[in-house]
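Subject: Structure handover

Hello,

Here is the structure I promised you. Please open it first, then read my notes below.

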Amino acid sequence: MSPSTLFSGVDPGWVALLSPELASRAQFGWTISVHILFASLSIGLAPFIIYFTWKDVRTDDERFARLRSFWVTVFAVGFVMGTVTGIPMSFQFGTNFPQFSAVAGELIGGPLAFEAKMAFFLEAVFLGVLLYGRERVRDRTYVLSSVLVGVGAWLSGFWILIVNAWMQTPRGYEMVARDGMEVARLTDPSAAFLSPRMPWMYVHMINASVIAVALLVAGVSAYIVWKSRETEAWNTALKLAVVILLVTAPMQAVHGDAYARHVQDTQPQKFAAMEAHYETDEADLHLLAFPRDVDALNDPRAENLVTVSLPRVGSFLASGGDFDAEVIGLNEYEENPPVALVFWSFRVMVGLGFLFIALALWGGYLTYDGRLSDSDRYLKTMVAASPLGYAALLTGWYVTEIGRQPWVIQGELRTSEAVSPTLTGAEATLSLIGFVGVYVGLVVTALYVLKWLVRDELRTLGADESVDDSWRGPLPEVSGDD
Amino acid sequence: MTESLLPVDAYLVSSLPEIWFGAVVFALGTYVVLDGFDFGIGMLYATRTTEHERETFLSAFGPVWDANEVWLIAFGTMLLAAFPRVYSSLFADHYLLVFGFVFALLFRGVGPELREQRDDERWKRYCDYSFVGGSALAPLLFGVLAGRWAFDAATLSLPALLTGVCLTAVSVATGAAFLAAKSEPDLASDLRRYGVAATLAYLVGTVALLASAVATDAAGAAETVLSLPAAAVVALSIAAGLGGIVLARRGRYRAWLASALALPALLSVLLALLLYPTIYPPTGLTVRAAVVSPLALNLVTVLGFPVLLLVLWYFKYLYGVFSGPVDAEGYGG
């Protein structure tokens with residue numbers, strides 16, 4: 001009996017769950033969500049690692065040796081998690097979306113192969129040197145290895161986003177018939193691979209990764225400083241993270257605004273979903289939006305939301321200066337992405353972005369005032385804020401990816417057409433369950449490793465771990481019993 | 001930019017599709033050779049009882065396994081870049097097998113990495129299970145996948161299962177040789193026993209595999225297997241295997257390693273013979289029919305081949321840095 005007949009005759013709810021398309025989309029969405037956490041950890045940590053390694057080798061200052069060793073360990077664990085979660089993804093194009101691979105192979109295969117050959121090898125080879133080679137290579141080579149690991153991480157994002165940018169705004173190809181199938185044939189490499197979308201996505205994504213990691217470094221540093229005030233090393237790390245946030249957080253807002261305008265020009269449907277803008281008309285800008293009732297969560301239309309809006313400023317922003325500009329609404333389209341997911345994700349991302357600017361300015365002011373490590377309130381806030389960079393990064397990614405549905409290649413191939421015709425719902429559901437279970441395990445383990453590293457660091461610093469006022473926030477509580 | 005420099009309607013050289021077929025098999029073969037000994041180390045790890053020996057094993061493969069594993073991604077993406085229809089069919093048609101394999105790889109990867117993060121017996125034991133289990137399952141499933149591909153055979157068929165067994169055995173053989181070449185004499189001579197047994201198992205398995213392929217004539221394999229090039233590959237494998245055993249017994253471990261690594265390399269050559277010109281036997285798709293259009297292939301050739309040379313240089317460098325003996329403390333100063 002084939003797996004598909006195994007489940008026939010079960011109730012309709014199950015059948016819906018077992019649809020290969022839905023299960024494949026859920027699986028891809030879930031695996032990329034976890035993978036992206038680790039991938040962006042590598043991207044964001046790279047500058048920190050390079051800086052700490054360079055300072056360590058140059059100054060022989062114990063402070064930097066300590067920071068280097070701590071964060072290189074985090075990097076290594078993150079890199080392994082990134083590798084093991086990334087390999088299944090590189091196969092999912094074939095296992096779950098073979099039609100997409102067959103149609104777009106000529107366009108996406110090259111950049112993906114470059115990612116492996118140019119970026120991934122560089123990162124993996126020189127991470128081996130960075131982790132195990134301190135005594136075996138010269139100082140200069142050692143610092144260079146940290147740089148090459150960083151270059152690898154940043155290049156990796158570059159090649160992946162070339163593929164993604166092409167899927168968002170495909171160019172430089174023509175559809176040709178091949179053995180009864182319409183496939184994309186590369187006609188203009190520079191148009192296809194140097195698409196205008198690429199720089200927008202790249203800057204936004206790299207900066208988001210740096211912000212997320214700066215918040216993580218700030219949170220871990222703040223926690224250790226809060227436990228053990230006198231630690232010079234972690235005061236340095238906290239200050240460095242705040243400085244990086246002061247540069248990157250405002251930059252993200254400015255860039256994000258311009259990026260949104262580009263999206264409006266190239267993917268008006270996605271832009272309309274971001275603003276839940278249904279009628280083609282002048283658009284208001286909703287600064288804040290709250291659902292009136294539960295239905296409004298699923299269907300965020302102006303009439304069922306409580307909004308604080310700037311009238312017609314949406315038009316102004318979308319058009320780059322015209323308050324009366326018409327903004328295309330969702331009603332123009334036959335099929336739309338899940339608007340609620342895109343609308344609320346966008347709001348969470350933007351809201352968090354402004355919060356990060358506030359945190360950066362607050363930290364900057366405290367640094368200027370010389371009170372950064374003395375302010376309990378700031379330290380605790382930063383500990384609480386440490387996972388929020390990742391929340392912003394993920395919601396931003398949802399806006400990008402869910403916002404372009406129903407297309408996998410915008411305007412060319414629907415996601416529903418990309419799914420494997422031979423895949424059974426049972427296979428897809430089984431693997432979905434497997435991925436959810438295993439990846440939850442990986443994320444939890446990664447968090448535990450971070451907790452153990454922090455605990456060891458505190459022990460080394462001689463901090464009293466059993467103080468009564470221990471932190472009870474989002475980080476697992478550090479105690480001496482394990 | 002590039003389009004004016006590159007021919008749009010003709011391949012840079014007329015045999016470019018065949019060259020890319022060779023490059024894809026080369027990436028696959030390199031993966032099987034390099035990660036093969038990693039899997040072997042993982043399986044042999046189960047035979048160690050002392051912490052010192054276990055840590056020696058982990059130190060031996062620590063700096064290199066991650067980079068070795070990237071060859072798998074290189075293979076997958078090169079296959080996608082040059083032969084997208086083969087890539088999509090291969091992975092879509094073997095859905096659960098591919099997932100079993102990637103999960104095995106996942107457990108193999110995180111086990112040793114997480115082990116050292118916590119000083120707790122039970123934790124270490126679970127990480128060890130993950131490492132050993134993943135290391136044993138990955139080559140088995142990958143072999144079954146390769147067997148299904150080359151022989152157009154069912155998962156639970158003799159050719160597919162025997163390919164899995166062969167790949168597992170050859171991994172143990174190369175893992176033992178790699179470790180023997182790097183460790184103290186006592187440990188090395190102990191590993192030699194496993195290496196010799198695995199080599200013999202591999203040779204017997206290969207002969208049985210080819211006999212079963214001829215008997216079932218899966219995907220027209222009989223003709224290829226009985227051809228002169230395939231016979232030469234098999235003869236070379238037997239020579240390398242038996243020669244390796246002699247070298248191992250004489251304690252010439254580095255030479256043994258060289259002949260052991262030749263076995264998975266020759267196995268990849270055999271796979272290439274089986275898959276040419278019909279690169280995907282289940283659909284009868286040939287290399288020429290499956291390859292991407294000239295402009296796309298010319299582009300990845302011009303940009304990609306220099307990078308591939310650079311990658312080979314990285315590997316030479318990496319293995320140079322971490323050459324020489326290893327113990328529980330790592331590669332020493």
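First, a term you will need. A polar contact is a pair of N or O atoms within 3.5 Å. Within protein, one atom must be able to donate a hydrogen and the other to accept it. Please also keep in mind that this is a predicted model.

**Between the chains**

With that term in hand, how many residue pairs are in polar contact between chain A and chain B? The count is 11, with both residues at pLDDT 80 or more. The rule also finds two salt bridges across this interface. One of them joins D179(A) to R85(B). Their closest N and O atoms are 2.9 Å apart.

Which parts of chain A supply the side that touches chain B? Five elements each give at least two residues: α4 (62-95), α5 (98-132), β2 (181-186), α7 (189-193) and α17 (425-461). The largest share comes from α5(A), with 23 residues. By type, the residues on this side of chain A are 40 nonpolar, 22 polar and 11 charged.

Now the totals. The contact involves 73 residues of chain A and 68 residues of chain B. Together the two chains bury about 6,100 Å². Carbon and sulfur atoms account for 74% of that area. On the chain A side, K117(A), F121(A) and R136(A) lose the most area to chain B. Together they make up 13% of what that side buries.

**Chain A by itself**

Chain A has 17 helices and six strands. Its C-alpha trace spans about 65 × 55 × 50 Å along the principal axes. Does the radius of gyration of chain A agree or disagree with that of a compact globule? It agrees, because a compact globule of 482 residues would have a value near 23 Å, and chain A has 24 Å.

Of the 482 residues in chain A, 59% are buried. Now take the contacts in chain A between residues at least 6 apart in sequence. Of these, 77% join residues at least 24 apart.

**One residue to look at**

Find T95(A) in helix α4 of chain A. Is T95(A) buried or exposed? Its relative accessibility is 0%, so T95(A) counts as buried. Leave aside its neighbours within four places in sequence. T95(A) then contacts S420(A) in its own chain, and F91(B), A92(B), Y95(B), V98(B) and F99(B) in chain B. For a sense of distance, T95(A) and N164(A) are 69 residues apart in sequence. In space they are 19 Å apart, C-alpha to C-alpha.

Best wishes

Notes: Residues are numbered from 1 along each chain as its sequence is written. Chains are lettered from A and ligands numbered from 1 in the order in which they are written. This is a predicted model: local features need pLDDT of at least 70, side-chain atom pairs count only at pLDDT 80 or more; totals for chains, interfaces and linings use all residues. Side-chain values use heavy atoms; hydrogens and water are left out. Contact means heavy atoms within 4.5 Å. Buried area is the accessible area (1.4 Å probe) that two parts lose on being put together, summed over both. A salt bridge is a side-chain nitrogen of Lys or Arg within 4 Å of a carboxyl oxygen of Asp or Glu. A polar contact is a pair of N or O atoms within 3.5 Å; within protein, one must be able to donate a hydrogen and the other to accept it, and residues adjacent in sequence count only if both atoms are side-chain atoms. Helices (H or I, at least four residues) and strands (E, at least two) are DSSP runs, numbered from the N terminus. Ala, Val, Leu, Ile, Met, Phe, Trp, Tyr, Cys and Pro count as nonpolar, Asp, Glu, Lys and Arg as charged, and the others, Gly among them, as polar. The radius of gyration is taken over C-alpha atoms; the globule rule is 2.2 Å times the number of residues to the power 0.38. Buried means under 20% relative accessible area, exposed over 50%, partly exposed in between (1.4 Å probe, protein chains only).
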